[in-house]
Amino acid sequence: MSAIVAEGLTKHFGEVRAVNGIDIEIARGAIFGFLGANGSGKTTTIRMLTTLLKPTAGSARVEGLDIVAEARAVRRRIGVALQEAGLDDLQTGRELLTLQGRLFGMPGAQVRRRVRDLLEIVDLAGAADRAVGGYSGGMKRRLDLAAALIHWPSVLFLDEPTTGLDPASREAVWRYVNQLCAEDGITVFLTTQYLEEADRLAHDLAIIDEGRVIARGSPADLKATIGTDVVTVRVGGPAEALDRAAEAAAAVPAVERVQRADGAAVVYVPNGARAVARIVLALDEAGVEVGDVSIAQPSLDDVFLQATGRHLRAGEMPADGGAA
Amino acid sequence: MTVSAEAGADARVAAGAPRRATGRAGFLQVVRVIWMREVLIYFRDRARMISAFTMPVIMLVMFGEGLGNSIAQLPGDIGYRQFIFPGMVAMIVLMNSVFSGVSIVTDRQFGFLREILVAPVSRTAICIGKISGGATVALVNGAVMFAIAPLLGIDITLEVVAKLLPLIALVSFMLTGLGVALGSRLRSVESFQMLSQVAIFPAMFLSGIFFPINNVPAWMDVLVKINPVTYAVAPIREIALSEQLAAVPADAPFQITHVEWFGYTLSTWEEIGVVLAFGALMLTIAIRAIRTTE
């Protein structure tokens with residue numbers, strides 16, 4: 001049985017078609033990434049799947065349970081960490097987790113043990129008895145993750161778990177998610193606007209745009225649809241040199257396409273490693289001053305670009321993280 | 001959802017779940033957990049605790065002294081400070097109740113409400129927990145007002161306090177229900193501030209906390225009497241001033257308290273009845289609002 005099945009899941013807010021007929025099936029134990037820009041319908045989808053919002057049309061099952069008719073049974077199976085950490089500044093981390101455990105009807109001794117273990121897992125044991133108001137952004141996110149896990153859910157929903165985190169905290173969250181999935185067999189449904197996050201974390205991916213799934217598959221499969229490697233050659237000198245470089249590169253055998261972007265020639269070619277020497281040689285012969293050269297596999301951004309004709313610009317990760 | 005549907009659902013998934021939290025939160029446990037959170041947060045928030053007392057105490061002292069000497073004595077020689085003291089108790093209860101009810105706005109804004117709403121618990125229990133938490137806080141505040149009453153030069157006996165506390169508990173419950181009912185419809189803290197300017201403060205000032213309700217112009221009389229808070233303030237004052245009111249001569253020009261409807265004077269119990277009815281209505285609205293919350 002699949003962990004999550006959605007059929008024609010739709011949500012309209014008046015005229016706005018936030019989610020427009022989504023069909024997905026997610027295998028048990030997978031980390032499923034839902035990649036899209038802000039306002040693409042990710043959060044609305046997650047809110048429907050977590051029973052917080054009723055769909056306008058279509059249906060979905062989580063662990064075989066209908067999200068509308070069996071909402072309460074669904075809630076017992078799922079853990080949810082939503083975009084804004086739902087934390088009280090005046091409570092301590094331990095109190096907050098205890099409260100959450102109590103709401104699931106866990107007996108006192110079980111709650112105490114579970115809270116202690118979880119605080120250990122998310123590296124908050126030292127801060128457990130401090131007020132949450134003094135936590136950093138990363139600590140709050142980790143606590144939120146722990147709160148979502150308190151009752152051993154079989155499906156974990158994370159809405160943009162690392163938005164606004166610094167790189168170290170982001171890595172930490174990824175580590176916990178991977179660990180959970182590997183050790184406990186939890187199915188993870190996470191939304192993200194970060195290409196790198198989707199690429200690194202998700203086994204299985206859907207790209208959403210304007211309320212529709214526009215691409216679906218594992219990150220590797222999706223990138224394979226692009227079919228070629230990407231050789232990027234930085235070019236020094238005047239703008240005219242870039243035109244010459246593009247022309248020269250396009251003439252190299254096997255090159256499929258050349259694009260000019262930000263002072264570099266981006267060359268799409270099936271086997272980048274083999275073609276790179278010929279490309280550099282051709283540019284040199286054309287009298288172009290060659291700077292950096294890099295070979296890359298196609299990225300998810302290329303997939304997004306192909307499906308929508310746009311870059312997922314909003315999805316670039318901040319270099320130094322926002323909130324510490 | 002029916003019980004059998006849930007049991008069936010449980011059986012279907014039981015095989016798949018690796019480990020499982022044992023037990024299930026009953027209605028009362030959920031109420032207790034949410035109640036605890038409300039109370040705990042209140043006692044952690046020193047600033048809120050202090051500010052809740054500042055205004056009523058300042059008003060009591062400043063108006064009681066500053067205004068009391070300049071305005072004509074009330075029938076039965078009741079001092080103005082003595083007169084407004086029950087009003088100030090009602091005010092502190094009102095402010096605390098409504099504000100903690102409305103804190104559901106910030107709960108929503110910071111996602112806490114959603115996190116609770118994804119737990120498999122009764123929405124009604126969440127609502128009742130929230131309301132009883134707010135009511136407890138308001139009741140504690142009211143009780144503290146009584147405790148400091150002698151310091152403020154107010155005559156009040158323990159017997160009167162013992163009668164007042166259950167009434168104040170009821171009033172707090174009603175007003176917190178009002179707060180939750182209002183708060184669950186609001187989307188932002190800003191709209192709450194607007195609401196308190198146009199609705200809560202007028203309701204407070206029109207409830208007779210500062211003046212006898214039966215000695216006002218006709219237009220104000222209407223506003224006072226359709227104001228539900230009036231029915232909460234009147235019985236508090238009637239009990240708090242029972243001794244002094246008994247000494248008011250029968251031919252006094254106007255009734256100091258007791259709401260009058262077209263010449264009919266409501267008894268204390270009838271006023272409490274109005275509070276009960278309004279409280280039940282607010283509770284129903286609040287529960288319904290929280291149920292339909294996304």
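**Charged patch**

I began with the surface charges: A:Arg72, B:Arg185, B:Arg288 and B:Arg291 form a positive patch. My patch rule takes residues with over 30% relative accessible area and no salt bridge, joining like charges within 9 Å and nonpolar side chains (Val, Leu, Ile, Met, Phe, Trp, Tyr) within 5 Å. Lys and Arg count as positive, Asp and Glu as negative, while His and the chain ends are not counted. I placed each charge at NZ of Lys, CZ of Arg, CG of Asp or CD of Glu.

Before going on, I noted that this is a predicted model, where local features need pLDDT of at least 70, side-chain atom pairs count only at pLDDT 80 or more, and totals for chains, interfaces and linings use all residues. Residues are numbered from 1 along each chain as its sequence is written, chains are lettered from A and ligands numbered from 1 in the order in which they are written, and side-chain values use heavy atoms, with hydrogens and water left out.

Next I looked up B:Arg291, which sits in helix α13 (residues 268-292) of chain B. Helices here are DSSP runs (H or I, at least four residues; strands are E, at least two), numbered from the N terminus. B:Arg291 is exposed at 53% relative accessible area. My classes are buried under 20%, exposed over 50% and partly exposed in between (1.4 Å probe, protein chains only).

**Salt bridges**

How many salt bridges are there over all chains? I got 14, taking a side-chain nitrogen of Lys or Arg within 4 Å of a carboxyl oxygen of Asp or Glu.

I looked at A:Asp129 and A:Arg94, whose closest N and O atoms are 2.9 Å apart in a salt bridge. A:Asp129 belongs to the loop between α4 (108-121) and α5 (137-149) of chain A and A:Arg94 to helix α3 (residues 93-103) of chain A, so this pair ties together parts 35 residues apart in sequence. A:Asp129 is exposed at 53%, whereas A:Arg94 is partly exposed at 31%.

Then I checked A:Arg200 with A:Glu196, a salt bridge at 3.9 Å between the closest N and O atoms. These two are 4 residues apart in helix α7 (residues 195-201) of chain A, which puts about one helical turn between them.

B:Glu65 is in helix α3 (residues 46-67) and B:Arg81 in helix α4 (residues 80-102), so the pair ties together parts 16 residues apart in sequence. Both are partly exposed: B:Glu65 at 39% and B:Arg81 at 24%. I also noted one network, in which salt bridges that share partners join A:Glu171, A:Glu196 and A:Arg200.

**Nonpolar patch**

B:Ile58, B:Met62, B:Phe63, B:Leu67 and B:Ile71 make a nonpolar surface patch of about 420 Å², with areas from the Shrake-Rupley method with a 1.4 Å probe. B:Met62 is in helix α3 of chain B and is exposed at 52%.

**Helix α3 of chain A**

Among the buried residues of α3(A) I listed A:Leu96, A:Leu97, A:Leu99 and A:Leu103. A:Gly105 follows this helix with a positive phi, near 75 degrees.

**Cysteines**

I counted 0 disulfides over all chains, using cysteine sulfur atoms within 2.5 Å as the rule. A:Cys181 is buried at 7%, and B:Cys127 is buried at 0%.
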